[in-house]
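Subject: A structure for you to look at

Hi there,

Here is the structure I promised to pass on. Have a look at it first, and then read my notes below.

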Amino acid sequence: MAGAGGGAGPPPGWYHRDLSRAAAEELLARAGRDGSFLVRDSESVPGAFALCLLFQKHVHTYRILPDEEDFLAVQTSQGVPVRRFQTLGELIALYLQPNQGLVCALLFPVERDKDRDAAEDRDYSDGDDEKPPLPPRCGSSSGCSTAGGLSPAGPAAAVPDGAAESPNGPCSLPHEYLRSAQYSLDLAGVQGGATSLPHLSRALGASCRRLHSEVDKVLAGLETLAKVFDPQSAPSVGRALQQPMGQGGEQELETLVLKLSVLKDFLSSIEKKALKALQEMSSAAPSTPPQPLSRKAKSIPVQTFEVKLDVTLGDLTKIGKSQKYTLSVDVEGGKLVVLKKQKDTQEDWNTFTHDKIRQLIKSQRVQNKLGIVFEKEKDKTQRKDFVFASARKREAFCQLLQLMKNRHSHQDEPDMISIFIGTWNMGSVPPPKSISSWVTSKGLGKTLEEVSVALAHDIYVLGTQENSLGDKEWVDFLRAALKDCTDLEYRPVAVQALWSIKVVVLVKPEHENRISHVSTSSVKTGIANTLGNKGAVGVSFMFNGTSLGFVNCHLTSGSEKTARRNQNYVDILRLLSLGDKQLSSFDISLRFTHLFWFGDLNYRLDMDIQEILNYIGRRELEPLLRVDQLNLEKEKHKVFLRFGEEEITFPPTYRYERGSRDTYVWHKQKPTGVRTNVPSWCDRILWKSYPETHINCNAYGCTDDIVTSDHSPVFASFEVGVTSQFVSKKGLSKSSEQAHIEFESIEAIVKTSSRTKFFIEFYSTCLEEFKKSFENDAQSSDNINFLKVQWSSRQLPTLKPILSDIEYLQDQHLLLTVKSLDGYESYGECVIALKSMIGSTAQQFLTFLSHRGEETGNIRGCMRVRVPAERLGTRERLYEWISIDKDEAAASKGKVPLGARATQDCARSSTRKPAAAADPSTIPKPAEEPEQSSTIPAPRPPAPHRRDEPAPSRPRPDPDPLHTSFNNPAYYVLEGVPHRRRACSPPAPRDGSSEDEDALNLPPPDFPPPPLPRDVAKEPPGREEPRPRPGPTEGLPPRLQPGPGAADGSCSVLQMAKSLSEEEFGAGPRLPHEHGRAGAAFRTHPIRESIQEELAEEAVGAGGAVGVWLRALGLQRYEQGLVHNGWDDLEFLSDITEEDLEEAGVRDPGHKRVLLESLQLRK
């Protein structure tokens, strides 16, 4: 009864079906007149609506709820009579009149953007999918969808245009009959008085004959099985039932029914015979334990690594040259043998068992250097640093040692597992016989060392697009492929399919009982969002106490369809139903500890085809990555907000000539003409993890020997930290031993023009049920587009975890959602790790709010997790056993490795980690060792005070808002704000101020500094310095210096908002050199100075003497390769060989000779 309109006609212009709350506010703000209104679907209640009304520049939202009889009514305060309406049209008609209880009458309907709608309609005619194929046959019903539910005008309309002719497809019969002249001939016969349909009878007969052959095959197999259990059984049941040739449609059907009846009886008799035979065997033969069906996994042989001892310059002068060692890892025996090579004397070695290897410390500056801490005597340790032949060798060594520690650990449950992710657009053709290179991560890009390839992953997740195989056939094929590579029978966890988009999850048999709460879902984003030729499939489950989610998608194709792909992503994020149903307020990017998103994302390169081919030919990928649409959209925060992606070091995976990997084919003949598909990285693997969790990408590349499709399969492997189902050794907590999560204050800044009240909901697996705060007790706004809301401690609940052990709590996370009181809709969600909040004093946190994939503000506050003293015992996790040497990393401070494309999305603790969280039984780690996190730490995390000072028990009182208003990054979430800004000249430091104290006022590095007002940015004539040309350092986050606009050098919100409204922003981010207006002259000296400082630090850290020596020889091109391979000291170079030079990139024989002769002269 309820609906957008009163009849079956088009919906009224003021009704916006799937419009988000943020987009609705944008439309009303653009309208700008009091009384402007629109109606959208409610985000909080299915089947309800939200009436949004603009008055005095603020948006007021009223909920329209259906009752039990499906009548509609505007939600009112208690005591106000309710008015009921049959349709939305009737309801809106009443409120067009004044004095009906709204803040003002509905005056100006705001309609959808017609240009946008027309563009979306054009997007439906997708270049590659003008005639989408019908879904393939499915061996199971797991998510397979058909084109049912249509209401065709006639019988012929039931078959979609362009349906593929498949001899065994589900639509072959209607295609043969309805799309040919047979249907017309039968129709003409009936009109002439005929009482039979001869052409339909023949079509049915042909279809039955195909089914006959299938039944005959099944019967033949059953006969063979029957003879195994009863050799005297009657032979050739199938032959006796073979139908004679030339039967009509009715006789064919009768014979088929007879065969099926015989088949049913035959199945029953086989079961009885088998039972009887097995009973006889069990009574005659002695009982023996059943043998496992699968073979045992391959044992891992002893692996050896040739290394060199990394010693100081002083030690080198004593011993003359560096020492060579061999490290032998015996995973099965649980020991490491360190063998020292000596020429004249007998070789010296030491054997260390797995429990004597206390820690591995990776050098961040020298990628192939590793420190190993050995336990020599009780409570005495020794550290030795070794340089491996390559970074890949070092990673393989670390993986083997982790596997050895895990295998010989006394823990019942693993701390870490390995996950393989694969994505492949199969091009609607069957796969080759072998896909071993795909599932073993062999090919191009970041691949695994040969030693690591032999190690089987714990979980394999394989996503495909345009897969023409049935579900069961595909799963069997994958299981057989994995068995060939690993000798293990992997067990299927879930299979989900949407037409030709499939995802399969396979797990080691030993982990089968650790998996629970399996969930699957799919979303269609094809033509008009109703066809499954494009869309996504997903699987989620719990691995012990860790939630994992996997999404495989196939997005809209075409170079010009970026906006449509972005909308596909948002639709999938919103509609894919996975994970804990209690977390329905959160999109899937926040529901899982680790979420992996992969597939044919179809983002292209915005560059001329010939330029692309030239760059690929020269193996220069960085210029191409700078014009990659996905990277550009991520930088604008349009899609994959704070998702990570490993560095791409392999060539574009699309569009190859089938049968080869030497040639890209970019012309595609379409009915509308020739279409250009430039080579692109369409196939991608991304991930997003909770803060302060462990995840590391070990491989990311593509195969180079699977050539059946125009896409290359892409692979990635991950090392993932997991938690167990915790069981307290101290039993349930008593009331005196109860842990508490207490909040002192919370402040959120949300992007909205509404002025309603808000409350916070708290969710966590450590809570029995979700908790709500009271409404905020303070709010203010210095900017019409943003609202600051604050809660004091009396408005916030005290949360009581179900378990109070620190070992349990440090693995938990708290999910927060900020909701409005008027519509109970979310204005932003976030996640906070409890690990950094544990302690006796309050800890500060700061993180971002997002909703439906869009950044909507930020939230910060002060909280503490109080743990009873008797519950403080903890242990070191396996993934904490490997750390990064921060002393080495200090040489490159402020930089993030290229591989860490993920930005930091976590609640950052602004104080030191509480001492109570440390386990006194564990050995001390290096003094500056960073915490393990899901991503690389940001260069400048907020820090309100020095680490050597005690944390304040309460947050400092807010100073004048004018002095700190620009500091909150939520203020620059406006659409189109560029992500790179110039820094203004620093003000003179105030007396007594410290850099650490001001760090809290700096926005996190993911946000740009705010644009300064014109009057603030102006400088005296003659002081403006020329701006440098953009270079490779342009992406470095500038040092944000407060401007001289206020008494303390900061900019006010009103000044900033004024500058935002005055400056015109384009669709994409502008680079600094593009803002060449006289009124916005920023000084660039601080930026250049900071870059020069970092380059100088890098030069010193990389061994400046090596660079000077190479420049003197005119061979400075080899400096980077030598330093990367550990040859960063001239004294250390004295022992280098031709093979070492080859590995460092020196392949010219003449250059090798010059370098070796020069080193000989130095000796």
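A residue is called buried under 20% relative accessible area, exposed over 50% and partly exposed in between, using a 1.4 Å probe and protein chains only. Please keep in mind that this is a predicted model, where local features need pLDDT of at least 70, side-chain atom pairs count only at pLDDT 80 or more, and totals for chains, interfaces and linings use all residues. Residues are numbered from 1 along each chain as its sequence is written, and side-chain values use heavy atoms, leaving out hydrogens and water.

Now to the rings. A pair of aromatic rings is described by the distance of the centres and the angle of the planes. Rings of Phe, Tyr and Trp (its six-membered ring) pair if their centres lie within 6.5 Å; planes under 30 degrees apart are stacked, over 60 edge-to-face, and the rest tilted. There are 27 aromatic pairs in the structure. One of them is Tyr15 with Phe49, edge-to-face, at 5.9 Å centre to centre and 70° between the planes. Tyr15 counts as buried because its relative accessibility is 8%, and Phe49 counts as buried because its value is 9%.

Another edge-to-face pair is Phe640 with Phe643, 5.2 Å centre to centre with 85° between the planes. Phe640 has a relative accessible area of 1%, so it is buried; Phe643, with 1%, is buried too. Phe541, Phe550, Phe596, Trp687 and Phe718 form one aromatic cluster.

Enjoy exploring!
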